[in-house]
Amino acid sequence: MHGQAWVIEADGGRRFPLSAGSLLVEGDKIETLDDSNVRLQFIDGSFLLLQEKSHLHLDRIGIFGDSGMVDNRLMLEKGRLETQVEPSTGPANRFEIKTPSATTSVRGTDYRVNQDEENAVSRAEVLGGKIEVTGSGVSRFVKANQGLLIRGSEPPALPVDLLPAPNVDALPRVLEQVPIQLGIPEVAGSSGYRVQISLREDFRSLMLDNTFAGNLFKGPDLPDGNYFFRIRAIDASGLEGLNAATRIELNARPEPPLLLEPKPASGVTEERAVFVWSKPVDIEQFYFQLAKDSKFREIVTDNSEVDESQFVSPDELPLGDYYWRVAAVDENEGLGPFSDAQHFRRVVPAPALEEPEISDEHLQIRWRAGLPGQRYQFQLADEPSFSAPLVDKTVDEPNIELDKPDSGTYYMRIRTIDADGFENPFGTTQTLEVPRSWYWWLLLLLLFALFAI
């Protein structure tokens, strides 16, 4: 069992918690709580998985002497169950599951039963063999890969084909983040999905059993390890389809550090780039990788024994695009997952601004031309933070002409923009002193001459 369940004894009605290994007898009732499930084994080797928020009554549990023939009759009052019934060994064998709406009888099969108490609907879904469903005096045979509904006191509906199993081939074989997130491949005609997670390949017990709308599954924060996932689609009537199962390894710890420098999509002018990341508590070693592609097939630097939360490129980096990532190494957990790859570009420094030419009406500024195809972003401000530039223009040529600003102190900076739109970092900020116009000096001299006469 997984989670919590209660037993209500047939003899006296005593209610107590169920535990693994318990012996249940005819007349007992089982109630499972949220996020809980119980697997029952019958004397003939059949199994039943009672899922969360379900009520099951062991109405009759019988065996005929030494013949090996059994008579199992169960009442599912609410909830959902899955069965694996052993093939019949005699004509008197019986395995029945009743709901308030119908009775299912089987002879060697793998099927599921659901009793929707709120909507008074019963559902049966057959994965192997066949079952007979009887309600309101009408019987239907349901074959493998089929299901049907029984609404209240109505006769069972005609069987329909179950939705096919999702294609899980494209799901990742390793997950490196918690809580778990999986994009389930869409099944046409589905209104939701059920995901079951188990430590066992045979799914004899479930760690998780959840339904969800859409096809993005958000799971729990599980410990690292190997898990088995079973996934099926649910149609608009609530019938659940065929199972798809896959094994997925969870390796999310120790969690990777946060990458600080260089920032995403930034330009780096230093030939030996400096990389800085956060230092998780109790982590003393890191694995650093630098590559020329986001898939890390063209590795530039690979160092698995970095003992600080920063790293300096051992070689000068040619101009171009790079990707870097870091993983933490823990004494107990070993190597954790890498961080998401972070992109930067090794670029030439921004061109230096030449001495401006100031005329009576204009301000002419020039700089050295950059690489072919580059454009230039020029900014002029009256304070060094450039929070509200007076001029912010992008030009194709390595020069710009502006109207002469009022006298005072100004600040200028420039950066290049590559042909693909990548914005390189701004160069060093330079100051500009715009003097008062000489016309004002001439006027003052004339006034001084008039007063002197």
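**View 1. Strand 34 (residues 375-381) pairs with strand 35 in the antiparallel sense, over five bridges.** This is a predicted model: local features need pLDDT of at least 70, side-chain atom pairs count only at pLDDT 80 or more, and totals for chains, interfaces and linings use all residues. Residues are numbered from 1 along each chain as its sequence is written, and side-chain values use heavy atoms, without hydrogens and water. Strands are DSSP runs (E, at least two residues), numbered from the N terminus. Two strands pair if DSSP finds at least two bridges between them. In this pair, Phe378 stands opposite Lys393 of strand 35.

**View 2. Four strands form an open sheet in the order 35-34-37-38.** The pairing is antiparallel. Strand 35 (391-395) and strand 38 (430-434) are the edge strands, and each pairs on one side only.

**View 3. Leu371 sits in the loop between strand 33 (362-366) and strand 34.** Is Leu371 buried, partly exposed or exposed? Leu371 is partly exposed, because its relative accessible area is 43%. Buried means under 20% relative accessible area, exposed means over 50%, and partly exposed lies in between (1.4 Å probe, protein chains only).

**View 4. Five strands form an open sheet in the order 16-22-21-18-19.** Here the pairing is mixed. Strand 16 (174-175) and strand 19 (208-212) stand at the edges. Each has a single partner strand, so one side of each is left without a neighbour in the sheet.

**View 5. Strand 16 pairs with strand 22 (residues 244-250) in the parallel sense.** Two bridges join this pair. Val174 stands opposite Glu249 in strand 22.
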